Amino acid sequence: MTVPTPAPVPSAGAPAGSFDARALLDPVNSAEVDAFARAQRTAHPTSAARIIAWVGVGFALLCVVPIFGIMILGLGYAVGQEAGVAVAALIGLVLLAGIVVGVVMLVRRSIRLRNITRFRLARFARANAMSYLDRIDEPPLPGMIFSSGSSRMSTDVLRGVEPRFVEFGNYQYTTSNGKQSTTHRWGYVAVKLDVPLPNIVLDALGNNTLGSTLAGAFRSDQRLSLEGDFDRYFSLYCPTGYEVDALYLFTPDVMARFIDHAAQLDVEIVDDWLFLYARRDVSTLDPATWGWLFGAVGALLTKLDQWARWRDDRLRLTQHPGSPGALQGPGQIPGQHPGPYPGAPALPFAAPAGLLTPPPPGVALPGQRLRRRSPWLIVGIIVGVMFVVTMAPFALGILSVLFLR
């Protein structure tokens, strides 16, 4: 999948090496904003879908405007015959002109404000050693929100590559139940890890408004309780059999960092990515939001190096039985023979057949993704309830006939 390259960004003139939010609030030059907008349009031509949408809007207006025109003329004729028609036509033209001018002004203002926002974010990115991307369709990220719905799109994306790849962006996708469509909006931070890790989700309890939870689709038997106050801030879900691995990754000092800096963010570890999710835009013109996010990422990065040492011993089970490091039998040490063999020395142990090596970086198949709740269970419960409610009156009637007659 091709990811668009950043458009040329004007320098904000800020010193490098420290957090600088002046570009988010400083006055802007109109000529610079216009030049930036032209560069963005050149780097990101209008998509076919957007052109089709505008054509659809134009066609709808061509259908609606004549209908309202005929209604106004008919009303004028009913009130004042021919003179009424003339007056109604004049009033209709004035209203139509006013509507057109108003819509054009609103659209131009909206586009202008959007261009200024992009320009400020681009300058902010440049001042903080990052790059800016206006939009990415179907972002190729493995997080759970990036595989749901349709019309998936990241906007106002800021990327940094040192000391590791970090991406900030706003994201939206659309779901439909056949009758109506809903657009879901998120803010996210994506951090590239050194090695693949088990799929772990931290559902922040502080942002579960109206009972909505990010991990509601996961099976409850995958929830793991951790020590201290961690359970007051997060619900942790990990694949069955990876509880010890989750405890290795989330040591008390790591848990303290998440509580202090990310208690209002949902967290997902999947493959070699760490995602922080917010239920609002994170790429904004608010310096306080950026200061919070930069601080949270910086605090977590200092603890991610220890995760690079994690290895999944289950990968040994997937190696060829005859290869070095493969398990030779239940409970055997990798490379150790299960018993005496011809010509073996009289030793209390058998020497390894080959060079022992640690498991390669990676995660065995059971740990790559959390198991989700079966939708058929929910369907079965609904059908069962409907059956009971429907059949209850008949059952009561039969019981009354049998026992009360």
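This is a predicted model: local features need pLDDT of at least 70, side-chain atom pairs count only at pLDDT 80 or more; totals for chains, interfaces and linings use all residues.

Modeller: A contact means that heavy atoms lie within 4.5 Å. Of the contacts in the chain with a separation of 6 or more, 69% are made by residues 24 or more positions apart. Residues are numbered from 1 along each chain as its sequence is written, and side-chain values use heavy atoms, with hydrogens and water left out.

The chain has 8 helices and 7 strands; these are DSSP runs (helices H or I, at least four residues; strands E, at least two), numbered from the N terminus. Of its 405 residues, 34% are buried. Buried here stands for under 20% relative accessible area, exposed for over 50%, and partly exposed for values in between, with a 1.4 Å probe and protein chains only.

The nonpolar interior provides the setting. A nonpolar core is a set of buried Ala, Val, Leu, Ile, Met, Phe, Trp, Tyr and Cys residues joined through side-chain atoms within 4.5 Å. The largest such core has 54 residues, and Leu236, Phe250 and Phe258 have the most contacts inside it. Strand β4, residues 181-204, gives the most to this core, namely 8 residues. Leaving aside residues up to four places away in sequence, Phe250 touches Ile200, Leu202, Leu226, Leu236, Met255, Phe258, Ile269 and Trp307. There is also a second, separate core of 19 residues, which includes Ile136, Ile145, Tyr237 and Trp273.

We now come to the rings themselves. Rings of Phe, Tyr and Trp (its six-membered ring) pair if their centres lie within 6.5 Å; planes under 30 degrees apart count as stacked, over 60 as edge-to-face, and the rest as tilted. By this rule there are 22 aromatic pairs. One of them joins Phe19 and Phe294, with 5.1 Å from centre to centre and 65° between the planes, an edge-to-face arrangement. This pair links distant parts of the chain, for Phe19 belongs to the segment before α1 (30-43) and Phe294 to helix α6, 275 residues apart. Phe19 has a relative accessible area of 40% and is therefore partly exposed. Phe294 also counts as partly exposed, because its relative accessibility is 22%.

Another pair consists of Phe165 and Trp273: the ring centres are 5.8 Å apart and the planes stand at 90°, so the pair is edge-to-face. Phe165 is partly exposed because its relative accessibility is 25%, whereas Trp273, with a relative accessible area of 13%, is buried. Both rings belong to one aromatic cluster formed by Phe146, Phe165, Tyr171, Tyr173, Trp186, Tyr188, Trp273, Phe275 and Tyr277.

Strand β7 also holds Asp271. Its phi is near 55°, a positive value in a residue other than glycine. Most residues other than glycine have a negative phi. Asp271 is partly exposed because its relative accessibility is 23%.

Helix α6 (residues 287-304) has 18 residues and should span 26 Å at 1.5 Å a residue; its end C-alpha atoms are 26 Å apart, which agrees. The expected span is 1.5 Å times one less than the number of residues. The buried residues of α6 are Thr289, Trp290, Leu293, Ala296, Val297, Ala299, Leu300, Leu301, Lys303 and Leu304. At the other end, Asp20 is found in the segment before α1. Asp20 has a relative accessible area of 8% and is therefore buried. A polar atom of the Asp20 side chain lies 3.1 Å from the backbone nitrogen of Arg22.

Finally, a ring may also have a charge over its face: NZ of Lys or CZ of Arg must be within 6 Å of the ring centre and within 35 degrees of the ring normal. Arg314 lies in this way over the face of Tyr242, 3.7 Å from the ring centre.

Methods. A polar contact is a pair of N or O atoms within 3.5 Å; within protein, one must be able to donate a hydrogen and the other to accept it, and residues adjacent in sequence count only if both atoms are side-chain atoms.
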